[in-house]
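Keep the view open and try each task before reading its solution.

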Amino acid sequence: MVKKAFSAPGKALLVGGYLVLDPQYRSYVVALSSRMHAVVSQAAPCDKKGFKITIKSSQFNNDEWNYMVEGEAPFVVRELDGRKNPFAEKVVEVIMNYCQPAPNRMGDILVEIYSDPGYHSVGTSILKRNSYKEFRFHDETITKVPKTGLGSSAGLVTVLVSALLSIFKPNLDVGAEEDLVTIHNLSQVAHCQAQGKVGSGFDVAAAVFGSVMYQRFDPELINKLPAADSLHYGQALRQLIDETDWKFMHENITLPPGLRLIMGDVNNGSETTKLVAKVKTWYQQNIPRSLEIYQKINQGNVSFIEGIGKLVSLSKESPSEYSSMLESLNSGTDFESYDIFRQIRQAVEQIRSKFRLITNESGADIEPLVQTQLLDQSLNLKGVLTGVVPGAGGFDAISLIVTEKSDIPSQTQNDSNFSSVTWLNLRQQNMGVKDEVPEHYANFT
Ligand SMILES: Nc1ncnc2c1ncn2[C@@H]1O[C@H](COP(=O)(O)OP(=O)(O)OP(=O)(O)O)[C@@H](O)[C@H]1O
Ligand SMILES: C[C@@](O)(CCOP(=O)(O)O)CC(=O)O
């Protein structure tokens, strides 16, 4: 039996929150070392009129979803026991209508899902490991375990699309841009359909391509797809996936050497959809001033991205100057005398001050006071270049860019200002979808 495995990273949107929903603005998304995994295998075909796709998530109280595929296109899938997982269901539906297999000639498919520890709060879970991997096993179903906000649904959709597609397209090469674009387009469609809305898609782009400068696709591409049970769905879907230029930007980026990202879980949780709705209302009610504010935020975003790019270039062109800059950042002495560091800090301050203004006016807690205090305190720590509330903001988390040599957990452990923060054990990892070894996912104890 052929087995294959894939993994895809979680994300942190460092700059571009809210603006990224509009195709004219670019954002900066860092892929993280916490990854989602899928191991797929197919049984030999047997003489039946349909086949079953089983998706198992043993880490979440042995969650399992079984989808029956039978008849002919358009394929409408159903879960055999009425169990809900909209993201798994939409992936199965999209892949079936894109690949259009002959159900009577297919063997049953099993996909086992694993997610790295960073995606969910530890709670009462148990860590199990083998020599290659370690995962946390929870005693509750997936929807009951609190998330940390790394984009578990985007990761799930991306690895599931890769795994199922590899069955129908055995030469699928996740190292090839063309195949990555196919995985991306399919994943965006399934993710939007499962969410019931067309978001910016930066989380799916990061899961597929890794750390990227991202500018979104036109939401109409997905909005204008016919309904999944329509006779034209398969054809329209194939055209959209294979023959349409989505015109989105996904330029690979990296943090400068010697700097890394750390994330602090503040363990409170915010509802992104409510924040987005409030900000949209505020925006509409305050045109043209809201546009001017967005433009100021965008200036900050662009200046941040440019500043980070300058550091990457400097590290190559003048390594010794660059390393003394890092030394001064690390020791907290006089680092503001360096123009590029100042540019990055000022850019982030410009972004943050405008988001504080929107927070006050819209009632959406993008940068609430507790997070302002936390970020301001963080800027006083040794080795911290800058910090933001990532993504949609809110009470979930903070992200800091720090020197590799700094030890933020030990600088903050006895500091009451940081008592609400749990530093997450993850780092930047630029790689998007990648092949894994299926045998590495067995015998966890
Ligand atoms: N390990 C998993 N196994 C099965 N389904 C999963 C898994 N992880 C996530 N999912 C699916 O994704 C859903 C969570 O998606 P949701 O968009 O609410 O969170 P998220 O993507 O982690 O959020 P955020 O974008 O804030 O990071 C779960 O309810 C489940 O349907
Ligand atoms: C507010 C928004 O720009 C970012 C949401 O980011 P996150 O899911 O909180 O990481 C919405 C979006 O881009 O879909």
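Predicted model: local features only at pLDDT ≥ 70, side-chain atom pairs only at ≥ 80, totals over all residues.

**Exercise 1.** Work out how α1 and α6 are arranged relative to each other.

*Solution.* Two packed helices are described by the angle between their axes and the distance between the axes. For helix α1 (residues 86-99) and helix α6 (residues 233-242), the axes come within 8 Å and cross at roughly 90 degrees. Angles of 65 to 115 degrees count as roughly perpendicular, so α1 is roughly perpendicular to α6. Now pick out who makes the contact: α1 brings V94, N97 and Y98, while α6 brings Y233, G234, L237, R238 and I241. Sorted by class, the residues of this contact are five nonpolar, two polar and one charged.

**Exercise 2.** Compare the length of α8 with the expected one, then find its buried residues and what covers them.

*Solution.* Helix α8 covers residues 289-317, which is 29 residues. From first C-alpha to last, α8 reaches 42 Å, close to the 42 Å expected at 1.5 Å a residue. Then go along the helix looking for buried positions: I297, N298, G300, N301, F304, I305, G307, I308 and L311 are buried. Finally, check what lies over them: the cover includes β1, β2, β9 (212-215) and α10 (339-362).

**Exercise 3.** Describe how the protein is divided into domains, and what domain 1 presents to domain 2.

*Solution.* First, the division: domain 1 takes in 3-252 + 430-440, and domain 2 takes in 259-423. Their C-alpha centres are 30 Å apart. Next, the contact: 17 residues of domain 1 touch 21 residues of domain 2. On the domain 1 side, the elements giving two or more residues are β1 (3-15) and β2 (27-42). β1 gives the most, with four residues. To finish, sort that side of domain 1 by class: you get 11 nonpolar, five polar and one charged residues.

Notes
Residues numbered from 1 in each chain as written. Chains lettered and ligands numbered in written order. Domains from an automatic or database assignment. Contact = placed C-beta atoms within 7 Å. Nonpolar A, V, L, I, M, F, W, Y, C, P; charged D, E, K, R; others polar. Axes fitted to C-alpha atoms, helices over the stretch in contact; angles between N-to-C directions. Parallel < 35°, antiparallel > 145°, perpendicular 65-115°, else oblique. Expected span 1.5 Å × (residues − 1). Buried ≥ 20, exposed ≤ 12 C-beta atoms within 10 Å, placed from the backbone.
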